[in-house]
Amino acid sequence: MGWNAAQYLKFEDERTRPARDLLARVPITEARRVVDLGCGPGNSTELLVERFGPDAVTGLDSDDDMLAKARARLPGIPFIQADLASWRPDVSVDLLYANAVLQWLPDHLDIMARLMEESLVPGSVLAVQMPDNFGEPSHVAMEETGADGPWSQAFASGRIRRPRLPAPAEYLRRLQGLSAKIDVWHTVYYHPMADAEAIVAWVESTGLRPYLAAVAPDERTAFRAAYLARIERAYPPMADGRRLLAFPRFFVVAVKA
Ligand SMILES: C[S@@+](CC[C@H](N)C(=O)[O-])C[C@H]1O[C@@H](n2cnc3c(N)ncnc32)[C@H](O)[C@@H]1O
C-alpha cells in the first residue's frame with residue numbers, strides 16, 4: 001500500500017502548522033539550496049518556496065503518488081524520487097528540512113548525524129520535526145486492535161510496531177558536537193475533531209497505514225471498524241460533541257559547526 005496524497009491532505013491545515021513552526025525557528029533568511037526531505041504532496045515545500053524563492057528549493061520523496069501531487073501543486077520546482085535512508089546531496093546545501101518524515105526511519109539519528117557530517121557546511125541548517133505520538137491512545141489502539149482479532153497472527157512478530165522516538169537527550173548527545181547551535185523542543189497540538197471517525201481518517205493516511213496493509217484486503221473494513229470502536233472509547237466527546245486529539249511533536253534545529 002503506497003501513500004494516499006488526497007487522504008493526507010484532508011487535514012492539510014493542521015498538518016502544515018508544525019511545518020510552519022519548524023521553519024519559524026530556522027535561523028537563516030537566504031539560501032541558495034534547500035531540500036525538503038519527505039516533501040509529501042508539496043505543502044511543506046510551498047512554505048520553503050515562499051521563504052527562499054523557487055530557484056533555491058528541491059523536493060525529495062520516495063512515493064509516486066505524493067510526488068505526482070507535489071509536481072502538480074508546484075510546477076517548475078524540481079522534485080526527485082529517492083530513499084532518505086541512503087540519499088546524499090551531490091552539492092552542499094544551506095538547509096535540509098524534514099517535516100514529519102524521519103519518524104518512519106528507525107535509524108534516523110544516524111541519518112541526521114550523517115547528513116550533518118557529510119552534507120552540510122558550517123552555518124547551514126538541519127531542521128526536523130517528528131510526531132512523538134507512539135504512546136498516545138490513537139497509536140496504542142492500533143496495537144490493541146492488531147492483537148485482538150482474526151488478523152492477530154499478522155501482528156504476532158511485532159514487526160509493524162514502530163519504536164518510540166529516542167529521548168531528547170539522545171539527540172543532543174549525538175548532534176551537539178556537530179552543531180554551532182542546537183534547539184530541541186516539544187509541542188503538544190490539540191485538535192478538536194468532529195468525531196471519532198475524523199480521528200481514524202486522520203491516522204489512516206499515516207500511522208494506521210502499515211496496520212491496514214498488514215491485514216488481508218477482505219479484513220480491512222472489519223479491522224478499521226474495530227479500531228474505530230477503540231477510538232470512540234479512548235477519546236470521549238467534549239461538551240460540544242467533538243473529540244480532542246492531543247498530538248505531541250518533537251523538533252530539532254541544528255546549525256552546523
Ligand atoms: C507524513 S508525510 C510528510 C509530508 C510533508 N513533509 C508535510 O510536511 O506534511 C511523510 C512523507 O515522507 C515520505 N517518506 C517516507 N519514508 C521515506 C523515505 N525513506 N525516503 C523518502 N521519503 C520518505 C512519504 O512518502 C511521505 O510523503
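**Salt bridges and buried positions**

Glu12 is partly exposed, with a relative accessible area of 25%; residues count as buried under 20% and as exposed over 50%, with partly exposed in between (1.4 Å probe, protein chains only). The model is predicted, so local features need pLDDT of at least 70 and side-chain atom pairs pLDDT 80 or more, while totals for chains, interfaces and linings use all residues. Residues are numbered from 1 along each chain as its sequence is written, and side-chain values use heavy atoms, without hydrogens or water.

Glu12 takes part in a salt bridge with Arg73, in which the closest N and O atoms are 2.6 Å apart. A salt bridge here is a side-chain nitrogen of Lys or Arg within 4 Å of a carboxyl oxygen of Asp or Glu. Because Arg73 lies in helix α4 (residues 64–73) and Glu12 in helix α2 (residues 12–24), this pair ties together parts that are 61 residues apart in sequence. Helices (H or I, at least four residues) and strands (E, at least two) are DSSP runs, numbered from the N terminus. Arg73 is itself partly exposed, at a relative accessible area of 26%.

The structure holds 14 salt bridges. Another of them joins Arg33 to Asp90, with 3.8 Å between the closest N and O atoms. Arg33 belongs to the loop between α2 and β1, and Asp90 to the loop between β3 (79–81) and β4, so the pair ties together parts 57 residues apart in sequence. Asp90 counts as exposed, with a relative accessibility of 69%.

A further salt bridge links the side chains of Arg224 and Glu204, at 2.8 Å from N to O. Since Arg224 sits in helix α10 (residues 220–234) and Glu204 in helix α8 (residues 196–204), parts that are 20 residues apart in sequence are tied together. Both Arg224 and Glu204 are buried. Elsewhere, salt bridges with shared partners join Glu12, Glu46 and Arg73 into one network.

Leaving aside neighbours within four places in sequence, Gln7 is in contact (heavy atoms within 4.5 Å) with Ala201, Glu204 and Ser205. Gln7 is buried, its relative accessible area being 13%. Between Gln7 and Arg224 there are 217 residues of separation in sequence, and 15 Å in space from C-alpha to C-alpha.

Attention may now turn to helix α5 (residues 108–119), which is mostly covered: 9 of its 12 residues are buried. These buried residues are His108, Leu109, Ile111, Met112, Ala113, Arg114, Leu115, Met116 and Ser119. They pack against the strands β1 (34–37), β4 (93–99), β5, β6 and β7, and against the helix α7 (168–175).

Within strand β5 (residues 120–131) is Ser124, which counts as buried at 2% relative accessibility. Residues up to four places away in sequence aside, Ser124 touches Val93, Asp94, Ala254, Val255 and Lys256. Strand β6 (residues 179–193) includes Val188. Val188 is partly exposed, with a relative accessible area of 40%.
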